[in-house]
There are 2 protein chains.
Amino acid sequence: MKKPILNLAFLLSMTMAFAQTQDEIAIKTIFDTSLKRGKSYSMLEYLSTSIGSRLSGSPGAATAVEWCKTTLENSGFDTVWLQPVMVPHWIRGQKETARISSKKSGTMNLNVCALGGSVGTGSTGINAGVIEVKNFDELKQLGKKNINGKIVFFNRPMDPTEINAFDAYSGAVDQRVFGPSEAATYGAIGVIVRSMSPNLEDYPHTGMLRYDSAVVKIPAIAISTKHAEVLSKLLKEDRSLQFYFETHCEMLADVASFNVIGELKGAEYKDEIIIVSGHLDSWDLAQGAQDDGAGCVQSIDALRILKLMGYKSKRTLRAVLYMNEENGLRGGTEYARQAALKKEKHIAAIESDEGGFTPRGFSMTVSDTVRARIKSWKPLLEHYGLTSFDEEGGGADIGPLEEQGTALIGYLPDSQRYFSYHHTAEDTFDKVSQRELELGTASMTALVYLIDQYGLK
Amino acid sequence: MKKPILNLAFLLSMTMAFAQTQDEIAIKTIFDTSLKRGKSYSMLEYLSTSIGSRLSGSPGAATAVEWCKTTLENSGFDTVWLQPVMVPHWIRGQKETARISSKKSGTMNLNVCALGGSVGTGSTGINAGVIEVKNFDELKQLGKKNINGKIVFFNRPMDPTEINAFDAYSGAVDQRVFGPSEAATYGAIGVIVRSMSPNLEDYPHTGMLRYDSAVVKIPAIAISTKHAEVLSKLLKEDRSLQFYFETHCEMLADVASFNVIGELKGAEYKDEIIIVSGHLDSWDLAQGAQDDGAGCVQSIDALRILKLMGYKSKRTLRAVLYMNEENGLRGGTEYARQAALKKEKHIAAIESDEGGFTPRGFSMTVSDTVRARIKSWKPLLEHYGLTSFDEEGGGADIGPLEEQGTALIGYLPDSQRYFSYHHTAEDTFDKVSQRELELGTASMTALVYLIDQYGLK
């Protein structure tokens with residue numbers, strides 16, 4: 001009795017297969033191609049391990065631009081070009097050192113790194129007492145009389161109960177970005193910031209600070225979360241402990257660099273542009289595998305896969321690899337400025353800058369109508385893990401296109417592991433899962449396909 | 001004008017907060033507790049790095065049983081006990097070796113390991129020509145005349161286009177489980193199986209084989225996926241190449257061991273039992289961090305968290321840590337046998353045995369009614385990444401409870417990285433993300449809470 005039932009099941013499945021829409025088949029082909037013939041993983045291996053760190057203005061950044069141009073040229077794009085942009089050139093100099101001296105606990109070296117953009121202490125270093133605070137209100141209440149001449153230690157952890165780790169980051173990163181100038185307002189001579197991580201780790205996380213031009217620039221460092229806990233504990237035991245740190249970073253003159261762009265011309269509405277993008281620069285401590293090598297190779301491979309499938313786009317598709325997301329956003333700003341000058345019409349900009357992790361969905365800065373249109377594609381995408389379409393978002397580099405009416409869309413991978421690596425020496429190629437990366441590439445490709453087919457109006 | 005708008009937003013959010021249901025609040029408390037005060041990560045560190053591998057019958061397994069009992073006793077359970085079960089005792093013996101010799105390419109050592117349960121070659125080893133096949137049909141077509149006296153090499157990869165990696169595993173693992181006896185039917189003297197992984201890696205994956213008692217037992221090894229590719233290539237160049245391998249594994253007499261059980265007695269329907277579970281044993285090559293240390297510590301911590309929250313359950317809750325999932329399923333079988341003997345009523349059994357990765361949902365072997373009931377809780381769970389409720393599944397250890405009418409439920413984490421570590425020396429604690437593990441714990445806890453509150457009828 002088994003056989004007839006099996007045959008019926010077979011016939012039913014065949015019927016269902018024939019009833020698959022063209023879009024279902026196209027999207028399955030996209031995922032199959034990425035998982036079987038994808039190049040994002042091998043491209044990322046080269047970018048991360050052979051080129052490595054590529055902070056704006058560094059030799060690594062210049063090499064990455066050349067590599068990216070060649071890679072785009074070899075990936076079947078119609079046109080590839082470099083878009084010039086002047087970028088800041090901050091250097092870390094000699095490795096940082098920090099230690100505490102306490103009558104109670106003796107001396108101990110701590111794991112720290114200068115924050116991006118910080119001035120250095122020079123070889124004399126800074127030695128002073130430490131005032132621990134959790135936020136700017138506490139700082140204000142302590143006031144100049146308690147803070148003057150001291151080092152301020154911002155020690156508010158990322159909130160572990162935020163399910164999306166980026167929300168926890170947003171809730172804590174004011175300490176790193178604005179803490180140095182806030183503390184300087186009250187006469188602080190240096191700043192220590194707890195690393196932006198939900199975990200207890202040995203290594204510090206760097207990242208950008210912003211000096212207020214009205215306030216004196218004081219040196220600032222990040223401390224590993226484990227050593228932030230140690231410092232806090234020792235401060236409770238001995239409020240007079242002394243903290244010494246030495247950094248040799250400095251800001252040099254701006255340097256000429258480039259965004260790298262590859263284009264596939266559209267057949268039907270060639271004036272309507274859809275971009276997939278990531279940023280080529282990374283922090284100096286890291287290989288920049290997840291941040292944002294992943295987004296770069298996914299963007300390149302997304303369009304290579306469409307080409308490989310023989311897909312002829314209706315609209316013009318561009319892979320855009322921005323320079324200088326980490327410490328200036330000059331690339332994203334220049335790209336939008338040029339787009340406005342040339343009166344280009346960007347209907348959608350997709351960015352991947354939350355790591356090459358397993359797919360969850362897309363975040364957006366779009367009108368309700370556009371969001372509804374994109375959400376209407378959920379039945380085509382949810383099989384691949386793409387179920388989240390309600391979050392606000394996009395990407396830093398594509399942000400400047402918002403005022404041109406471009407729909408901003410961020411690829412939304414799972415967020416749980418991102419801040420284990422973000423802006424640290426741990427952001428290396430071995431932390432990337434090939435399958436997760438390739439599924440992300442395919443997710444972006446599928447969305448490009450759907451926007452290209454149906455537009456966003 | 002900004003201020004009144006902000007205040008309105010604040011009032012609205014307060015109103016919404018007060019409108020939160022009791023269940024929403026309970027589930028948020030569960031996740032907050034796991035992420036802030038969870039012990040699954042520290043427990044897993046001990047189990048993985050201080051105890052390590054714990055194949056049934058090994059000293060590690062015995063130590064794990066003792067550790068688990070003590071841990072349950074210290075976690076506030078009402079009753080903790082050991083349930084005796086006899087388990088197989090297979091040992092690997094000396095490390096395996098394998099090499100090829102070819103007139104064309106010379107000799108080369110290969111990365112292999114004996115399959116679990118395999119007989120060994122002894123120190124004389126096996127030396128023979130190799131026949132590569134992709135499946136049992138090819139084997140049959142080649143027949144005894146081509147296979148007799150040879151080593152059969154099963155080299156069908158896991159299908160990378162399956163989005164759920166477990167589906168790809170299911171589609172390939174027949175080679176490992178049944179390949180040795182299938183090959184022996186045609187006179188093969190040894191078997192090489194391509195490791196069960198979607199990636200190209202240097203290390204082999206072990207795992208269980210099943211000998212057909214009607215066929216002679218021949219030695220079988222797994223080969224790393226990279227070396228499977230090498231072997232296949234060299235075979236194309238030189239069909240007469242010789243393969244030598246030596247294994248020293250053997251099956252000893254059964255050993256006494258235990259399932260470990262902790263119980264919280266219910267207040268209202270104490271005869272209705274809900275279990276959360278994982279398996280304590282792991283393969284000998286590995287720390288067994290993801291497989292299945294994760295499931296063990298999640299099960300223990302799920303009930304510890306409810307206790308910590310002051311939650312009094314209506315039903316009886318049990319954490320069950322099974323022995324011998326990997327090579328016999330004796331623990332799961334014995335647990336179900338005892339449950340039947342004692343006429344216990346298990347309304348639901350939850351197992352976590354797909355790793356401590358980020359939450360995706362729950363798989364089930366249940367009636368349509370029960371599935372609909374569980375799916376009705378999706379609005380409470382989807383914020384935490386739990387969106388998938390349609391997959392069939394459960395867990396190997398809880399399988400034997402099916403005939404007692406128990407709803408079988410598997411915790412369904414993201415599957416993409418599981419088979420990078422599965423049954424290998426790479427399944428170590430450093431591959432576990434604390435947040436992912438703790439979110440998994442909380443997911444299981446939330447489901448226990450909902451089933452306890454509402455039952456499944």
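How many bridges join E1(A) to strand E10 (residues 250–264) of chain A, and in which direction do the two run? Select both: 12 bridges join them, and they run antiparallel. Within this pair, pick A:Val87; its bridge partner in E10(A) is A:Val255. Strands (E, at least two residues) and helices (H or I, at least four) are DSSP runs numbered from the N terminus, and two strands pair if DSSP finds at least two bridges between them.

This is a predicted model, in which local features need pLDDT of at least 70 and side-chain atom pairs count only at pLDDT 80 or more, while totals for chains, interfaces and linings use all residues. Residues are numbered from 1 along each chain as its sequence is written, and chains are lettered from A and ligands numbered from 1 in the order in which they are written.

Next, show the whole sheet of chain A: 7 strands, open, mixed in pairing, ordered E1-E10-E12-E11-E13-E15-E14. Its edge strands, pairing on one side only, are E1 (79–91) and E14 (359–365) of chain A.

Contact requires C-beta atoms, placed from the backbone, within 7 Å.

Finally, select the contact between chains A and B, with 22 residues from chain A and 22 residues from chain B. On the side of chain A, helices H2 (22–37) and H14 (434–454) each give two or more residues.

Technical notes: Two residues are in contact if their C-beta atoms, placed from the backbone, lie within 7 Å.
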